[in-house]
Each structure stands twice: as C-alpha cells, then as structure tokens.
Amino acid sequence: MILYTMMPQELIFPVDPAEYSKQRVVQYKDIPLLIESVDEQHAMVIRVMSSDPQHFLDERCCPGAKISFSSLEGLSSSHEKGMV
Amino acid sequence: MENETTRYESENQEDQQPQKDDKPGASIIEKIQQLGQTNVPQLSNDSKIHCLTIIGQIEGHMTLPPQNKTTKYEHLIPQLVAIEQNPKIEGLIVILNTVGGDVEAGLAISEMIASLSKPTVSIVLGGGHSIGVPIAVSCNYSFIAETATMTIHPIRLTGLVIGVPQTFEYLDKMQERVVNFVIKHSKITEETFKELMFAKGNLTRDIGTNVVGTDAVKSGLIDEVGGIGEALNKLNELIELQKDQHKGLIQ
C-alpha cells in the first residue's frame, strides 16, 4: 500500500503506547544498556548504549543476552531519573 | 586493584548461576551457554578511543516506536560531554550508517562533535544520508567506504503546514544553516553543494543527488575513501599531533 501523503507513518498508524514502555535504558555494571523485559525477573539486552568499545566485548551484556533485574543497580532507568 | 574487580565480578556471576539453574524453565542450551561462558580478558577499564555510532534514524522531539532503530540526541550529547571531560579519552571515532532524520537534532550533534577539543574522525559505512552529511563532515577528518553513499537533498517538512509563506522562509533559513555548516567544515564549495542538492533526475520522486564513495571525495565533501583501519590510523596520527602540540605549549 502506498500512501501519498506528507504525514509521517507514525502519525497515520499510531503505535500502542504500551510498546514504548517495554524498552528502557539501565546501567549494568556501569554500562548503559537498552533492555526489553522478557519476564518478571529477566530482561534481554537490545543495544549497548556505551561509547566505550571495550564494553562491546563484554559477553555478559552483549545484545541478546538475558540479564536478571536483580543484577541491575537500583532498578532505575535513566528516563525515570530524568522525570523526578 | 584490577584483580580485585575481576574477582568481585566472578563472584557475582557465581551468585547468579545457582539462581538460573534452579529455574525449571531454563533450557539445556541456556545451561551450556552458562557453563561454557568464558570471561573476556579485561585489559584496561578505559579505552583511549571512544566510538559513537550514528545509526538508523536521527530522532528529534518525537520518540519513534521501539521497532525503529534510532539515534537519540539525549543519549549522544551527554556521551559527548563525558568524552570531552574524561582526560583518559584521547580521541573519538564516529561511525555513520544513517538514513537521516530530524534536522535540529542532527545539527546539534554535528555542532557538539565539531566543538570537541579532542581529535575526531568519522567514517561513513553504508549510508550517511541527508542530515548524516553535516555529522560526517563535523569531524576533523572524514572517511567514506568505497560502496557507501550519501544523499544530498533539500530540507523537507512532514506534518501540518500553517502559514505557507512563513513556513517556506523558515525552511529556507533552516536549509541555509545546514549548507553553511557543511561548507564550513568540509572542502566542498557552496556552488557544488547546492548543485548536488538541487540536481534533477537522480532520485525518484525527489530532487538531489546520491553521491557514492569516490564521488563524495571528488566533490570535496569527504576527505578520503577508506575503511576502519585507515580511520583508526588517522585518528592515532591526530592524537600524536595534538600531544606534540601540548608538549610544545608546556616548554
């Protein structure tokens, strides 16, 4: 389907707001990670947000790895911190 | 000190393992992965060259849905501040593979990179389209892979347009900002850049040009054709040059 319009796609087909809350940025051993929760205890790493190339060699937090929420510092995401 | 930290980390891992093993849902593959996991040697905690990846879309004021791959300025700008502040970091490499995106966010990132006091080298791999162009030229030295492309086109606006003459003027000014930034930070002349920007018949449904690797270098937009090896060599060279200059100042 081709829509001939100036409007961006996300304005025409809005995404469910719940989709946005799935992903968040957390600190894991001082490495900023973008995670998505898999179940109540575990989250999957989507992206390493660090600029330090050494962090990308760490197998514990490579994209796709599962990390438990208990290993995250204080369970706070940077977005939540920003809102306070 | 380093030994202590690695010991602490390995203890931490051991703590986590029994938890996961107890879980009935844990598959055999997961267990094998757990047992077969090796520790990556931790050479040093700080790398002297940091790497910024500009990927997917450059996100502006609106958060794009999570399935989009985006570069967020609220992530990049604090990282750039940290890179500037940390004395252990000596250089920055910017890797681009972007389709472009928000003009103001892109210009903000470009200005931040251009004003860093540390040596910066950019490399365009795949594509550095539209607002990716000012980001690529904002570094001290820029590289492009031979097969990589950059689309140069006029600024477009998506969304509602209220007050057409004013909007047009606003867009024109916005475009001037991009053009000025690019000609200030690269060897391309204003005439050539605008010629590429307003060329007809190159892109479907749009005006502009898609410049590939060597063409980008020929037009003066990018400094050199090369890959990651050349880019890192150049960065190390620039770091040494800056060190020498600092030594000279002290003497």
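Among contacts in chain A between residues at least 6 apart in sequence, what percentage join residues at least 24 apart? The share is 41% in this predicted model. For chain B, residues 24 or more positions apart account for 70% of the contacts with a separation of 6 or more.

**Chain A: overall composition**

- Chain A contains three helices and four strands.
- Read from the N terminus on, the order of its elements is α-α-β-β-β-β-α.
- Chain A has 84 residues, and 37% of them count as buried.
- Its accessible surface is about 5200 Å², with 58% belonging to carbon and sulfur atoms.

**Chain B: overall composition**

- Chain B holds nine helices and eight strands.
- Of the 251 residues in chain B, 42% are buried.

**The largest nonpolar core**

- The largest nonpolar core consists of 43 residues, and M150(B), F193(B) and L221(B) are those with the most contacts inside it.
- Elements of chain B that each supply at least two residues of this core include the strands β1 (49–59), β3 (91–101) and β6 (149–152).
- The helices α3 (73–85), α4 (103–114), α5 (132–137), α6 (164–185) and α7 (190–197) of chain B likewise each supply at least two residues.
- Helix α6(B) gives the most to this core, contributing six residues.
- Beyond its neighbours within four places in sequence, L221(B) is in contact with M150(B) and F193(B), among others.

**Packing of α3(B) against α4(B)**

- The axes of α3(B) and α4(B) are 10 Å apart, and the two helices pack at an angle of about 10°.
- Because angles under 35 degrees count as roughly parallel, α3(B) is roughly parallel to α4(B).
- On the α3(B) side, the contact is made by Y73(B), L76(B), I77(B), L80(B) and V81(B).
- On the α4(B) side, A105(B), A108(B), I109(B), M112(B) and I113(B) take part.
- The residues of this contact divide into 10 nonpolar, no polar and no charged.

- H55(A) has its place in the loop between β3 (42–48) and β4 (66–68) of chain A.
- Since buried means under 20% relative accessible area, H55(A) counts as buried at 19% relative accessibility.
- With neighbours within four places in sequence left aside, H55(A) is in contact with D30(A), I31(A), V48(A), S50(A) and C61(A).
- H55(A) and D30(A) are 25 residues apart in sequence, and their C-alpha atoms are 9.4 Å apart in space.
- D30(A) lies in the loop between β1 (23–28) and β2 (31–37) of chain A.
- D30(A) is exposed, having a relative accessible area of 58%.
- Although D30(A) is not a glycine, its phi is positive, at about 70°.

**S21(A)**

- S21(A) is found in helix α2 (residues 17–22) of chain A.
- With a relative accessible area of 54%, S21(A) is exposed.
- S21(A) and V48(A) are separated by 27 residues in sequence and by 18 Å from C-alpha to C-alpha.

**K69(B)**

- K69(B) occupies the loop between β1 and β2 (70–72) of chain B.
- K69(B) has a relative accessible area of 56%, and is therefore exposed.
- Neighbours within four places in sequence aside, K69(B) is in contact with R47(A) of the other chain and with I55(B), G56(B) and Q57(B).
- Along the chain, K69(B) and T209(B) are 140 residues apart, and their C-alpha atoms are separated by 25 Å.

**S130(B)**

- S130(B) is located in the loop between β4 (120–128) and α5 of chain B.
- The phi of S130(B) is near 35°, a positive value in a residue other than glycine.

Definitions and conventions. Residues are numbered from 1 along each chain as its sequence is written. Chains are lettered from A and ligands numbered from 1 in the order in which they are written. This is a predicted model: local features need pLDDT of at least 70, side-chain atom pairs count only at pLDDT 80 or more; totals for chains, interfaces and linings use all residues. Side-chain values use heavy atoms; hydrogens and water are left out. A nonpolar core is a set of buried Ala, Val, Leu, Ile, Met, Phe, Trp, Tyr and Cys residues joined through side-chain atoms within 4.5 Å. Buried means under 20% relative accessible area, exposed over 50%, partly exposed in between (1.4 Å probe, protein chains only). Contact means heavy atoms within 4.5 Å. Axes are lines fitted to C-alpha atoms, for helices over the stretch in contact, and angles run from 0 to 180 degrees between N-to-C directions. Angles under 35 degrees count as roughly parallel, over 145 as roughly antiparallel, 65 to 115 as roughly perpendicular and the rest as oblique. Ala, Val, Leu, Ile, Met, Phe, Trp, Tyr, Cys and Pro count as nonpolar, Asp, Glu, Lys and Arg as charged, and the others, Gly among them, as polar. Accessible areas come from the Shrake-Rupley method with a 1.4 Å probe; for residues, only the protein chains shown count as cover.
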